[in-house]
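Here's a quick briefing for anyone opening this structure for the first time. Have a look around it, then read on.

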Amino acid sequence: MVQKKKLYIETYGCQMNFSDSEIVASVLAETHETTNDVKEADLIFINTCSIRDNAEDRVWKRLIQLGYMKRKNKNLKVGILGCMAERLKEKLLEQQAAVDLVVGPDAYRNLPKLLNEVGSGQNAINVILSEEETYADISPVRYDSNGVSAYISIMRGCENFCSYCVVPYTRGKERSRDPQTIVNETNRLFEEGYREVTLLGQNVNSYRWQIDNSMVDFPKLLEMVAIVNPQLRVRFATSHPKDLSDDLLYTIAKYPNLCKSIHLPVQSGSDNMLLKMNRKYTRTWYLDRIAAIKRILPDASISTDTISGFCSETEADHQETLSMMEHVGYDFAYMFKYSERPDTAASKRFPDDIPEEVKARRLQEIIDLQSKLSLQQNKKDVGKIVEVLVEGVSKRSKEHFSGRNSQNKVVVFPKENYKIGDYATVYIYECTGGTLKGRTL
Ligand code: 5AD
Ligand code: SF4
């Protein structure tokens, strides 16, 4: 038997990218096995993100280091995958001698052929976007898994065209994956011992699949996955507020294993900004969706994404974001400064005119407020009994396990007789802004 080569994959960016890296490992499984030791690799893939300038900067810096490694090991090959590959195409080969291979997110099936070209001493590139590719038939290799939680990609691409965002250009048209293949993958994961799946897509609420005369939409798909087994938790990311229907919320309410946690990126609390961002909803609309969540899923946690210092953002606009955060009482948020991305609508139409120090100050105000809100929200959980899926040993203490409750909050508690993959019943007696501390019952 020919010995397999060693593949090291480094992934940046979103959960979608982590899921794609598992597809890549599967596509190459016949010839390559993954390693988590970069020093023994024959092939290094960097799966990249373009969402903000600093995400790309990290990759450029990493490529300089990989250039040194290649000088020491003449057989080492380096490939750039993902969004930066799609955005920069040949430029990556031209500007960085360390790069042998450039492959966009819809071209991973082509990797064996491209690697043959690289093997014969050429550079290789495929950045063709597809209108159909969903990798539906590929069983991802879960090479970096805790054996408990797994990602399942249910759709690809995005056609929302938020004016600041590069994703519609790097990941192409929206397409959904055959629901039966999603259910089959879920079944397989459960049989292998997994107890949580996260259904992934850039905009999961616009999932749709036509079978004969009936339509599987996202609530229906969630239901199909929920009934695979009540012991399997189901999460999803990410939702766009414009498509968050009451029907979806009622479906989540109906099944205890559909996790009570909604991530609903707001981006800004100001109508002026939302219009310029092309978010397709207003502050009032967003607040109506929040009211629906609180009415239909009173136990749900709510999290969000924000962008500070978008084009022409005034102090009053910024205050509206802060007041939105106060009003909703988010449990958690990913908070960013606006980073202009080449070729997006915003880069063509609006000057990036908020000075860096103003962006930074506004972001800091948002972070400070969110820290206060997270602590406030977590304090409400003190005194409650929660069900925790045990994911691993706590980073801070070998005697403690760490897991999450349905609301996606991290819970740390003494190990007792539980093991990884079990559900533990935990009484919460204390918290910080980031963690709930408990004892088992
Ligand atoms: N600048 C800053 N943040 C951005 N995001 C998307 N594009 C940009 C950008 N150009 C943020 C949004 C999105 C999250 C994934 O990244 O908040 O929801
Ligand atoms: Fe980054 Fe967006 Fe691409 Fe994910 S889809 S890797 S967040 S640019």
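Which residues are around ligand 2? They are Cys 14, Asn 17, Thr 48, Cys 49, Ser 50, Ile 51, Cys 83, Val 167, Arg 171 and Gln 202, where being near a molecule means having a heavy atom within 4 Å of it. Keep in mind that this is a predicted model, in which local features need pLDDT of at least 70, side-chain atom pairs count only at pLDDT 80 or more, and totals for chains, interfaces and linings use all residues. Side-chain values use heavy atoms, with hydrogens and water left out, residues are numbered from 1 along each chain as its sequence is written, and chains are lettered from A and ligands numbered from 1 in the order in which they are written.

**Around the ligand**

- Sorted by class, the shell around ligand 2 has five nonpolar, four polar and one charged residues. Here Ala, Val, Leu, Ile, Met, Phe, Trp, Tyr, Cys and Pro count as nonpolar, Asp, Glu, Lys and Arg as charged, and the others, Gly among them, as polar.

**A three-stranded sheet**

- Three strands make an open sheet in the order β14-β15-β16, with parallel pairing. Strands pair if DSSP finds at least two bridges between them; helices (H or I, at least four residues) and strands (E, at least two) are DSSP runs, numbered from the N terminus.
- β14 (261-263) and β16 (332-337) each have a single partner strand and stand at the edges, so one side of each is left without a neighbour in the sheet.
- From one strand to the next, the twist averages 10°. Axes are lines fitted to C-alpha atoms, for helices over the stretch in contact, and angles run from 0 to 180 degrees between N-to-C directions.
- Three bridges hold the parallel pair of β14 and β15 (residues 301-308), and Ser 261 sits opposite Ser 301 in β15.
- Helix α14 (residues 356-379) packs on this sheet and touches β15 and β16, its direction making about 175° with that of β16. Contact means heavy atoms within 4.5 Å.

**Helix pairs**

- α12 (residues 315-328) packs against α14 at an angle of about 15°, with the axes 10 Å apart.
- Five nonpolar, three polar and six charged residues make up the contact of α12 with α14.
- α8 (residues 218-226) and α9 (residues 246-254) have axes that come within 9 Å and cross at roughly 15°, so α8 and α9 are roughly parallel too.
- On the α8 side, Phe 218, Pro 219, Leu 222 and Glu 223 meet Asp 247, Leu 248, Thr 251, Ile 252 and Lys 254 in α9. This contact has five nonpolar, one polar and three charged residues.

**Hairpin and neighbour**

- β18 (residues 400-404) and β19 (residues 410-414) pair in the antiparallel sense over five bridges, with His 400 opposite Pro 414.
- These strands, β18 and β19, form a hairpin with five residues between them, and Asn 408 in the turn has a positive phi of about 75°.
- β19 also runs parallel to β21 (residues 435-440), joined by three bridges; Val 412 has Lys 437 as its bridge partner there.

- Ala 237 and Thr 238 are joined by a cis peptide bond, with omega about 0°. Thr 238 is in the loop between β13 (233-237) and α9.
- Tyr 135 is not a glycine, yet has a positive phi of about 55°; Tyr 135 lies in the loop between β6 (124-126) and β7 (149-153).

Definitions and conventions:
Parallel < 35°, antiparallel > 145°, perpendicular 65-115°, else oblique.
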